[in-house]
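Student: I'd like to learn how to read a few features off a model. Could you walk me through one?

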Amino acid sequence: MAYENTDEGGTGGAAGACGPAGGEPETSDSLRTFGAVVQALREHAGLSREEFGERVRFSKHTVASIEQGRRMPDEDFVERAEAALGNTGALRKAAPHLSRQPGLASWFRRWARLEAEAMTLYTYECRMIPGLLQPEPYARTLFMDQLPPLSDDQIEAQWTARAQRQRLLRERPNTTFGFILEEHLFRRGTGGVEVTGVLIDRVLEIAELRNVEIQVMPVERASHAGLAGPMQLLETSEPRWFAYNEGQRGGLFFSDPKEISVLQRRYARMRAQALSLEDSLGLLRQMRGAL
């Protein structure tokens, strides 16, 4: 298969670091494990979801969501479930350790898992600065501009997830990170002059890392191999290559070597078309000085 359409209703945003604007929380291993225990205890007690729901005074649909790890159980559910399932103490002890997986869209998680172990990660971006490079003021500007609007809690969760991802740049010094960024991303002035200054300072700081290469694609360029849109390429330790492209409401995960070869060739051409590493940083310093 050439690709997998992994759109599950999340909202895009700088390499998928944004979660859904509403609804149930993004699932996590702890939620899925808790739900499996609830289901096992319920079935051991010989109760259907509807019968169990009547005992705990929650609908069978809510019970199903909790058992499938899609809903965070509240304190009332935990206490009533304990009473209905024999007071084993298992649910009561497990509940404090439950956590959501905030800020990562469900369709982005497979890529995020690979990203955390990658040996090489190449990114071309023409819409906004990639999440791995975003300073907090810039990221919060993007969150604030999302539609439908996000709540304060959702914004905090998304920034927490993004900041966690950014640790990869320093915690994986043997991983090669390459970025090709369109010049207009810096000239757009997202968030205003002050935020743009912080953004350029952040990118210049990251560019000093030995495992990071940042190139700027100039606005005036007669030939451009990336006009079809943004892309990410990733190499695992096996080695094996994967690719990921993100759109407005979902992402495409590529595993077919033929499809990935096309993207690799386009990225290689763009590296030649963009400014050199030295000239890219020089342009960024020039733009910073003009603010």
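Predicted model: local features only at pLDDT ≥ 70, side-chain atom pairs only at ≥ 80, totals over all residues.

Student: Is Leu-234 buried or exposed?

Tutor: Buried means under 20% relative accessible area, exposed over 50%, and partly exposed in between (1.4 Å probe, protein chains only). Leu-234 has 0% relative accessibility, so it counts as buried. Contact means heavy atoms within 4.5 Å; leaving out residues up to four places away in sequence, Leu-234 touches several residues, including Trp-111, Leu-121 and Phe-242.

Student: Which strands pair with β2?

Tutor: Two strands pair if DSSP finds at least two bridges between them. β2 runs parallel to β3 over six bridges, and β2 pairs with β5 (residues 231-235) in the antiparallel sense over five bridges.

Student: What about the two faces of β2?

Tutor: In a regular strand the side chains alternate between the two faces of the sheet. Here both faces of β2 are covered: Thr-120, Tyr-122 and Tyr-124 are buried on one side, and Leu-121, Thr-123 and Glu-125 on the other.

Student: How many aromatic pairs are there, and how do I read one?

Tutor: A pair of aromatic rings is described by the distance of the centres and the angle of the planes. Rings of Phe, Tyr and Trp (its six-membered ring) pair if their centres lie within 6.5 Å; planes under 30 degrees apart count as stacked, over 60 as edge-to-face and the rest as tilted. The structure holds seven such pairs. Take Phe-52 and Phe-77: the ring centres are 6.1 Å apart and the planes sit at 85°, so this pair is edge-to-face. Phe-52 belongs to helix α2 and Phe-77 to helix α4, 25 residues apart, and both are buried. Trp-111 and Phe-253 are edge-to-face too, at 6.3 Å centre to centre and 75° between the planes. Trp-111 is in helix α6 and Phe-253 in strand β7, so that pair ties together parts 142 residues apart in sequence.

Student: Which residues make up the cluster around Trp-111?

Tutor: Trp-111, Phe-242, Tyr-244 and Phe-253 form one aromatic cluster.

How values were computed: Residues numbered from 1 in each chain as written. Heavy atoms only, no water. Helix = DSSP H or I, 4+ residues; strand = E, 2+ residues; numbered from the N terminus.
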